[in-house]
Amino acid sequence: VQLQASGGGLVQAGGSLRLSCAASGRTFSSYAMGWFRQAPGKERDFVAAISWSGGNTYYADSVKGRFTISRDNVKNTVYLQTDSLKPEDTAEYFCAASGDGSYYYTAPIRSSEYVYWGQGTLVTVSS
């Protein structure tokens, strides 16, 4: 599976961006998907995840109520809608696929449980 993230950019605080992650490969719909982010000089942190059924989603406390993860298994794409952005949301955002078909109802939140990673897309939020 190859993942291609896009949609990052420069936005003012309070603004929105929709990040997309397009996947190649026929098994995309069988994988849980996650978004992580890494700010300069910091570790990569969990942001959101979605089960491969799309029925269950998980969020970091810092983004709960502001970000929404969704997926379209026909288009092989996972999205991260980011609203009410804050300067502390500035980071490079990465999408990842679990590589394990067992996550029908759940999705992992630890980066170590993801096998496939895309390149990052940079989100910069100005104050």
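Colleague: Which residue of β8 does F67 stand opposite?

Modeller: F67 stands opposite T82. Strands are DSSP runs of E, at least two residues long, and are numbered from the N terminus. This is a predicted model: local features need pLDDT of at least 70, side-chain atom pairs count only at pLDDT 80 or more, and totals for chains, interfaces and linings use all residues. Residues are numbered from 1 along each chain as its sequence is written, and side-chain values use heavy atoms, with hydrogens and water left out.

Colleague: What makes β7 and β8 a pair?

Modeller: Pairing requires at least two DSSP bridges between two strands. Six bridges join β7 to β8, so they pair. The two run antiparallel.

Colleague: Which strands of the open sheet are called edge strands, and why?

Modeller: The order in this sheet of four strands is β1-β3-β8-β7, with antiparallel pairing. β1 and β7 each pair on one side only, and they are the edge strands. Neighbouring strands in this sheet are turned by 15 degrees against each other on average, direction ignored. The axes behind that angle are lines fitted to C-alpha atoms.

Colleague: How do you know that C21 and C95 form a disulfide?

Modeller: The criterion is two cysteine sulfur atoms within 2.5 Å. The S to S distance between C21 and C95 is 2.1 Å, so the pair qualifies. A search of the whole structure finds one disulfide. C21 lies in strand β3 and C95 in strand β9, so the link ties together parts that are 74 residues apart in sequence.

Colleague: What is the handedness of the disulfide between C21 and C95, and why?

Modeller: The torsion about the S-S bond is about 60 degrees, so this disulfide is right-handed.

Colleague: Why is C21 called buried?

Modeller: Buried means under 20% relative accessible area, exposed means over 50%, and partly exposed lies in between, with a 1.4 Å probe and protein chains only. C21 has 0% relative accessibility, so it counts as buried. C95 also has 0% and counts as buried.

Colleague: What about N76 and S84: how are they classed?

Modeller: N76, at 19%, counts as buried. S84, at 42%, counts as partly exposed. N76 lies in the loop between β7 and β8, and S84 in the loop between β8 and β9.

Colleague: What stands out about the phi of N76?

Modeller: Its phi is near 55 degrees, a positive value in a residue other than glycine. The phi of S84 is near 50 degrees, again positive in a residue other than glycine. Most residues other than glycine have a negative phi.

Colleague: What makes T77 buried, and what does it touch?

Modeller: T77 lies in strand β8. Its relative accessibility is 8%, so it counts as buried. Contact means heavy atoms within 4.5 Å. Leaving aside neighbours within four places in sequence, the contacts of T77 include C21, F28 and S70. Its side chain also reaches the backbone oxygen of K75 at 2.9 Å.

Colleague: Which residues touch the most other members of the largest nonpolar core?

Modeller: They are M33, W35, V47, I69, L80 and Y93, out of 37 residues in that core. Such a core is a set of buried Ala, Val, Leu, Ile, Met, Phe, Trp, Tyr and Cys residues joined through side-chain atoms within 4.5 Å. Elements that give two or more residues to this core include β4 (33-38), β5 (44-50) and β9 (91-97). Not counting residues up to four places away in sequence, I69 touches M33, W35 and L80, among others.

Note on methods
Axes fitted to C-alpha atoms, helices over the stretch in contact; angles between N-to-C directions. Polar contact = N/O pair within 3.5 Å; in protein donor to acceptor, adjacent residues only side chain to side chain.
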